[in-house]
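These are my notes from a first look through the structure. I wrote down each item as I looked it up.

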Amino acid sequence: KNDEYLDSQARRESNARSYPRRIPIAINEAFGIYVKDVEGKTYIDCLAGAGTLALGHNHPVVIEAIKKLLEEKRPLHTLDITTPIKEEFVEELFGSLPADFSRNARIQFCGPSGSDAVEAALKLVKTATGRRSIMTYQGGYHGMTHGSLSLMGNLGPKKEVANLMPDVHFLPYPYRYRCPFGIGGEEGHRIGSAYIERLLDDPESGIVQPAGMIMEIVQGEGGVIPAPDEWMREIRRMTEEKSIPLIIDEVQTGLGRTGKMYAFEHAGITPDVLVLSKAIGGSLPLAVVVYREELDKWAPGAHAGTFRGNQMAMATGTATIKFIKENRLAEMAELNGERLVSQLQQIQKQTNSIKDIRGRGLMIGVEIVNTEKPADHLGTYPAYPELASRIQQECFKRGLILELGGRHGSVVRFLPPLIVTSQQIDTISDIFYEAIK
Ligand code: PMP
């Protein structure tokens with residue numbers, strides 16, 4: 001029966017679909033970390049809506065929030081006109097942010113997707129600074145719309161699309177395994193920021209002061225690559241000194257995923273603009289930017305959009321944020337993430353093909369390499385996407401849904417819901433081990 005749905009999907013849906021080809025099922029039911037296909041087979045979902053489902057599928061508090069909204073005859077859609085539901089969401093969201101950021105922050109509802117919020121953030125900093133160019137990082141992922149796609153280092157999805165946003169400068173991200181740019185030791189961590197300072201100070205570098213810098217603190221789609229805290233603090237210091245608004249894209253990392261409520265908290269910094277989506281809607285589409293009020297140079301009407309008033313997503317978002325806070329799910333993500341990493345490290349000892357295990361909290365990546373080929377002068381082995389894909393398929397056969405990411409699709413990514421239990425973590429690594437064997 002899965003095949004009938006897949007045939008129909010292949011006939012009618014766009015050729016652009018990618019990961020569903022690697023996860024060939026039709027999902028019919030879902031609860032917690034599990035999904036069940038139309039043939040009744042159950043899978044553990046470690047993709048979880050690409051990190052969206054912090055509380056897993058159909059969590060009781062999410063279902064309750066939806067029922068309550070309907071029973072109380074609340075509006076489902078109000079454009080930007082405010083409502084008690086919206087007020088409660090903003091209160092809860094601001095309460096989840098460090099006070100030194102939220103105290104003087106403004107929120108712009110965007111939506112419904114992460115890309116929409118990225119677009120808003122770009123417009124915001126361009127308007128606030130009157131400048132035009134944007135700095136960003138190689139390997140970053142910020143979305144698929146024209147502006148957000150312009151920020152992608154990966155030329156694959158870009159090369160057929162003419163006239164993307166100009167004036168985007170790509171910088172090397174601190175990817176220890178493949179691009180150890182200035183990483184290691186106090187001086188090493190300074191190199192990322194020093195490089196940018198030199199570019200800006202050099203009248204012949206061809207680089208002008210940008211309207212803003214946008215980045216992820218843990219690159220997700222780019223292969224689960226965390227920026228070291230010290231490196232990140234240097235970037236923050238430099239952007240502040242150079243008056244470059246720092247846009248942190250926490251679409252994937254936000255709300256406890258990395259072991260802190262927000263990934264920027266690891267380095268003890270705050271952004272100027274924070275981009276949020278995925279988990280904040282508690283399974284439903286919602287995206288916002290939260291930013292320092294000095295940047296609010298927008299005239300009334302400077303940014304708009306119909307579907308920014310999704311009351312149901314705000315209600316499920318409020319319930320989700322509350323649950324994460326009350327049940328300390330960020331701390332649980334840290335503990336369960338460490339548990340999974342140490343189990344993966346044991347598995348690494350049994351194989352030559354895993355060279356790097358990295359991540360933060362419950363955002364973990366395993367880089368699959370080909371050690372039959374020679375390593376380069378830095379000791380880095382070539383990526384092995386074919387093997388990563390086989391591992392993914394062997395996991396899938398055994399009832400574990402995992403997605404691939406990274407430069408060559410050679411990083412196996414673990415993004416389980418934050419409600420995953422330690423026993424479930426053990427099951428996940430057992431299946432992964434069987435697949436590797
Ligand atoms: N930023 C980051 C960091 C993301 O991971 C994603 C989606 N994976 C986006 C932006 C884009 O979000 P959306 O797919 O909802 O447009």
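Entry one, an exposed serine. I looked up Ser243 and counted 10 C-beta neighbours inside 10 Å, so Ser243 is exposed. For burial I used C-beta atoms placed from the backbone: a residue is buried if 20 or more others lie within 10 Å of its own, exposed if 12 or fewer, and partly exposed in between. Ser243 sits in the loop between α10 and β10. Its phi is near 55°, a positive value in a residue other than glycine.

A note on the source. The model is predicted, and local features need pLDDT of at least 70, side-chain atom pairs count only at pLDDT 80 or more, while totals for chains, interfaces and linings use all residues. Residue numbers start from 1 along each chain as its sequence is written. The helices (H or I, at least four residues) and strands (E, at least two) that I name are DSSP runs, numbered from the N terminus.

Entry two, a leucine. Leu79 has a phi near 50°, a positive value in a residue other than glycine. I found Leu79 in the loop between α4 (60–71) and α5 (84–95). Leu79 counts as exposed because it has 11 C-beta neighbours inside 10 Å.

Which two residues does a cis peptide bond join? They are Gly111 and Pro112, with omega about 10°. Pro112 belongs to the loop between β4 (105–110) and α7.

I found 15 residues surrounding the ligand, the closest being Ser113, Gly114, Ser115, Gly143 and Val251. A residue is near a molecule or strand if its C-beta atom, placed from the backbone, lies within 6 Å of it. Helix α7 (residues 114–129) gives the largest share of this shell, three residues. By class, the shell has four nonpolar, eight polar and three charged residues. In this sorting Ala, Val, Leu, Ile, Met, Phe, Trp, Tyr, Cys and Pro are nonpolar, Asp, Glu, Lys and Arg are charged, and the others, Gly among them, are polar.

Is Met152 buried or exposed? I counted 23 C-beta neighbours inside 10 Å, so Met152 is buried. Met152 is placed in the loop between α8 (146–150) and β6 (168–171). Not counting residues up to four places away in sequence, Met152 touches Gly140, Tyr141, His142, Pro157 and Lys158. Contact here requires C-beta atoms, placed from the backbone, within 7 Å. From Met152 to His142 I noted 10 residues in sequence and 6.9 Å in space, C-alpha to C-alpha.

Gly259 is in the loop between β10 (246–249) and β11 (273–276). Gly259 is buried because 25 other C-beta atoms lie within 10 Å. Leaving aside neighbours within four places in sequence, Gly259 contacts Ala330, Ala333, Glu334, Gly337, Arg360 and Gly361. Gly259 and Gly305 are 46 residues apart in sequence and 33 Å apart in space, C-alpha to C-alpha.

The axes of α9 (residues 185–201) and α10 (residues 229–241) come within 8 Å and cross at roughly 30°. The axes are lines fitted to C-alpha atoms, for helices over the stretch in contact, with angles from 0 to 180 degrees between N-to-C directions. I therefore put α9 and α10 down as roughly parallel to each other; angles under 35 degrees count as roughly parallel, over 145 as roughly antiparallel, 65 to 115 as roughly perpendicular and the rest as oblique.

Note on methods:
Contact = placed C-beta atoms within 7 Å.
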